[in-house]
Each structure stands twice: as C-alpha cells, then as structure tokens.
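This briefing walks through one protein model, topic by topic. Please keep the sequence and the 3D view open while reading.

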Amino acid sequence: MRHLIELLDGAVQQAYTDAGLDYRPRYTPVMRALSQQQSATIGELAELAGITQPAATQTVALMKKEGLLLVASGEDGRQRVVRLSPQGQALLPHLQACWKATKRAADSLDAELEFPLSECLAQAIAVLEQRSFGDRIRAANKKVRP
C-alpha cells in the first residue's frame with residue numbers, strides 16, 4: 001500500500017514541480033473544498049475534504065504559513081474561519097489544470113487495470129467506514145492469540 005501511495009504521490013508532486021508550482025499534494029483536499037466554498041471552519045473543511053480534524057488543522061497551519069490561506073476568528077471567537085488568500089486564489093487556476101491532467105492520468109490507469117483502482121478504493125473506504133481496520137485487526141488478534 002505504501003509503495004502504491006509513493007508511486008502516485010511522487011508522480012503528482014513531480015507534476016506540480018514540472019508546472020512550476022511550489023505546492024504539496026496534501027493541500028489538495030483543502031484547496032478543492034475552498035474552491036467550492038468561499039470560507040469554512042476547520043471542522044467544515046475536515047468534513048468537506050474527507051480528512052480528520054487534526055489533519056485539517058495541521059494542513060491549514062502549513063498552508064497559512066506558506067501564504068495560501070487566511071485564517072480569522074469566527075463570530076463567537078471559538079471557531080477559526082479559513083479562506084483562500086490572494087496568493088491561494090491566484091494559484092487555483094494552475095492547480096485546476098494540474099488536477100484535470102491528474103484525473104485523465106487516473107482514468108487511463110483505471111482503463112488498464114482489471115479492476116479500476118478508483119472503484120476499488122471507493123469500495124474499500126466505504127467498507128472501512130462501516131468497520132475500521134483497527135476493529136478488524138483486534139478481531140483477528142483474538143483468533144490468533146492463545
């Protein structure tokens with residue numbers, strides 16, 4: 001699994017570099033969410049992006065540090081509201097072009113596989129959301145250990 005992720009993420013990172021972009025693939029879920037919605041709280045971003053709240057918090061902090069996001073306190077002061085900075089907005093059209101190319105590449109990979117990777121991953125995610133891999137490991141340990 002790690003090797004597959006390295007092959008895919010490494011190629012995507014290289015595509016950004018080849019396009020002259022200083023950008024990390026891990027930012028994409030947040031950028032995509034904010035390209036659809038002008039602003040969002042960290043919790044909303046996590047939900048929209050399909051990532052955990054700690055991952056959203058860490059990613060937003062990195063993106064803010066790189067000048068891609070602006071973060072302000074919400075109305076009640078407890079929530080932070082995130083939106084694209086002018087730099088992030090300017091980067092968006094370039095990213096969208098890269099995302100289109102990546103989608104085409106993923107489609108070509110799916111076409112060459114006996115079982116499309118995108119469908120397999122979607123099914124695996126759905127099944128793991130019903131019963132986590134951790135639960136499965138614990139159940140397997142009960143059967144293996146004396």
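A salt bridge here is a side-chain nitrogen of Lys or Arg within 4 Å of a carboxyl oxygen of Asp or Glu. By that rule, a search of the whole structure finds three salt bridges. The model is a predicted one.

**Salt bridges**

- Side chains of opposite charge can pair when their charged atoms come close.
- R24 and E66 form one of the salt bridges, with 3.7 Å from N to O. This pair links distant parts of the chain: R24 sits in the loop between α1 and α2, E66 sits in the loop between α4 and β2, and the two are 42 residues apart.
- R24 has a relative accessibility of 35%, so it counts as partly exposed.
- K103 and D107 meet through their side chains in another salt bridge, at 2.7 Å from N to O. Both residues belong to helix α5 and are four residues apart, about one turn of the helix.
- K103 is partly exposed at 49% relative accessibility. D107 is partly exposed at 36%.
- D135 and R138 form a salt bridge in which the closest N and O atoms are 2.5 Å apart. Helix α7 (residues 133–144) holds both D135 and R138, three residues apart, about one turn of the helix.
- D135 has a relative accessible area of 36%, so it is partly exposed. R138 is partly exposed with a value of 48%.

**The sheet**

- In what order do the three strands of the open sheet lie? The order is β1-β3-β2, and the pairing is antiparallel.
- The edge strands are β1 (39–41) and β2 (69–73), each of which pairs on one side only.
- From one strand to the next, the twist averages 30°.
- Five bridges join β2 to strand β3 (residues 80–84), in the antiparallel sense. Within this part of the sheet, L69 stands opposite L84 in β3.

**Helices on the sheet**

- Helix α2 (residues 28–36) lies across β1, β2 and β3 and runs at about 85° to β3.
- Helix α4 (residues 53–65) also packs on the sheet, where it touches β2 and β3. The direction of α4 makes about 115° with that of β2.

**Helix α1 and the residue after it**

- How far apart are the end C-alpha atoms of helix α1 (residues 2–18)? They are 24 Å apart. At 1.5 Å a residue, the 17 residues of α1 should span 24 Å, so the two values agree. The expected span is 1.5 Å times one less than the number of residues.
- Just after α1, G20 takes a positive phi of about 80°.

**Q96**

- Q96 lies in helix α5 (residues 86–112).
- Q96 and S35 are 61 residues apart along the chain, and their C-alpha atoms are separated by 9.6 Å.

Note on methods
Residues numbered from 1 in each chain as written. Predicted model: local features only at pLDDT ≥ 70, side-chain atom pairs only at ≥ 80, totals over all residues. Heavy atoms only, no water. Pairing = 2+ DSSP bridges. Axes fitted to C-alpha atoms, helices over the stretch in contact; angles between N-to-C directions. Contact = heavy atoms within 4.5 Å. Buried < 20%, exposed > 50% of the residue type's maximum accessible area, 1.4 Å probe, protein only.
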